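Please keep the sequence and the model in view while reading.

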Amino acid sequence: MPVGLVLEGGGMRGAFTSGVLDVFLKNEIDFPYVSAISAGACNALGFLSRQYGWSFTAMATYISDPRYLSVQNLIRHGSLFGYTFIFEEIPRELLPFDYEAFYKNPAHLQIGATDLETGRCVYFNGREMDEHFYPAVASASLPFVSRIVSHQGYQLLDGGCSEPIPLVQAQRMGYKKNVVVLTQHRGYRKNRSGLSRAVLNTVYRDYPNFVDTLLRRTAVYNAELDRIDRLEAEGKVVVIRPSEPVEVARYEKSPERLTTLYNQGVRVAEKNLAAVVEFLSANP
């Protein structure tokens, strides 16, 4: 039974995932299938192009640049993150991305983004993306601080709104056993958002199903964490997650804190490497 790789989002907490995936690259660990959301999708790009250190270097090197993350971006362009800078200028000019290796990688990548019309997660095939990486842009476009992304007839925002951990998609695709990379420590559960339906309706009045999805988000996320704990106990998933509470914020701009979290990802992945290898070898 083949094993899939599932990557949670989490904004700049994705630095942890960068460390984990670099350990996989260093040890030549591949997966036939990758399901990714938001920051997880961004990390999947560097992993599948097999560029060790690329994802984290792109983040840590340019996070202090206002073109990457700033209020100026929000005012001028409608998004806190500078997606054109992140997905076009960095990979094409500043830190070359190996597009050829990415498209040649036989792994099946699926990136999830939330369809505002239905409030449900839709998944896009990584091989169908052009060099603009619009599905990854949509998947990482957080509500309230990002413009809505139009792609293939959909109006899209952050995939984490509807399926915060894309394990269910991997299972839909037939991958009953998976390695799951989370960006919060064991025992973490999300607190209920203080946003009311009235506030959400003010911003997304044209998308009532999306409003319903946002109101259910906390319950859905916590239920999925409970389910992952059960699957882990049953030996159906190997979970790699931070060993301690993460102090990096979703919009973190400190390269030092990001580096600390990246290094934690490396350490935790190395500690769990034997378990991952055994899990893969038991499921050829």
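A residue counts as buried when its relative accessible area is under 20%. The model discussed here is a predicted one. By that cut-off, seven of the eight residues of strand E3 (residues 108–115) are buried, so the strand is largely enclosed by the rest of the structure.

Strand E2 (residues 33–37) pairs with E3 in the parallel sense, over five bridges. E3 and E4 form a hairpin with five residues between the two strands. In the turn of this hairpin, Gly119 has a positive phi of about 80°. Strand E6 (residues 154–158) runs antiparallel to E3 and is joined to E3 by three bridges. The bridge partner of Ala113 in E6 is Asp158.

Nine of its ten residues are buried, so H2 is largely enclosed by the rest of the structure. Ala39, Gly40, Ala41 and Asn43 are among the buried residues, as are Ala44, Leu45, Gly46, Phe47 and Leu48. Just after the helix, Arg50 adopts a positive phi of about 60°.

Which residues beyond its neighbours within four places in sequence are in contact with Gln264? They are Phe16, Pro242, Ser243 and Glu244. For Glu244, the separation from Gln264 is 20 residues in sequence, while the C-alpha to C-alpha distance is 9.2 Å.

The charged side chains remain to be described. Side chains of opposite charge can pair when their charged atoms come close. The structure holds 17 salt bridges. One of the salt bridges joins Glu89 to Arg67, with the closest N and O atoms 3.1 Å apart. Glu89 lies in helix H5 (residues 83–94), whereas Arg67 lies in the loop between helix H3 (54–62) and helix H4 (71–77), so this pair ties together parts that are 22 residues apart in sequence. Glu89 counts as partly exposed, at 26% relative accessibility. Arg67 is also partly exposed, with a relative accessible area of 38%.

In another pair, the side chains of Glu163 and Arg172 meet in a salt bridge at 2.7 Å, N to O. Here Glu163 is buried, its relative accessible area being 12%.

A further salt bridge, at 2.8 Å from N to O, brings together the side chains of Glu232 and Arg241. Are these two residues buried or partly exposed? Glu232 is partly exposed, with a relative accessible area of 23%, whereas Arg241 is buried, with a value of 9%. Both residues belong to a network of salt bridges that also links Arg186, Arg189, Asp226 and Asp229.

Conventions
Residues are numbered from 1 along each chain as its sequence is written. This is a predicted model: local features need pLDDT of at least 70, side-chain atom pairs count only at pLDDT 80 or more; totals for chains, interfaces and linings use all residues. Side-chain values use heavy atoms; hydrogens and water are left out. Contact means heavy atoms within 4.5 Å. A salt bridge is a side-chain nitrogen of Lys or Arg within 4 Å of a carboxyl oxygen of Asp or Glu. Helices (H or I, at least four residues) and strands (E, at least two) are DSSP runs, numbered from the N terminus. Buried means under 20% relative accessible area, exposed over 50%, partly exposed in between (1.4 Å probe, protein chains only). Two strands pair if DSSP finds at least two bridges between them.
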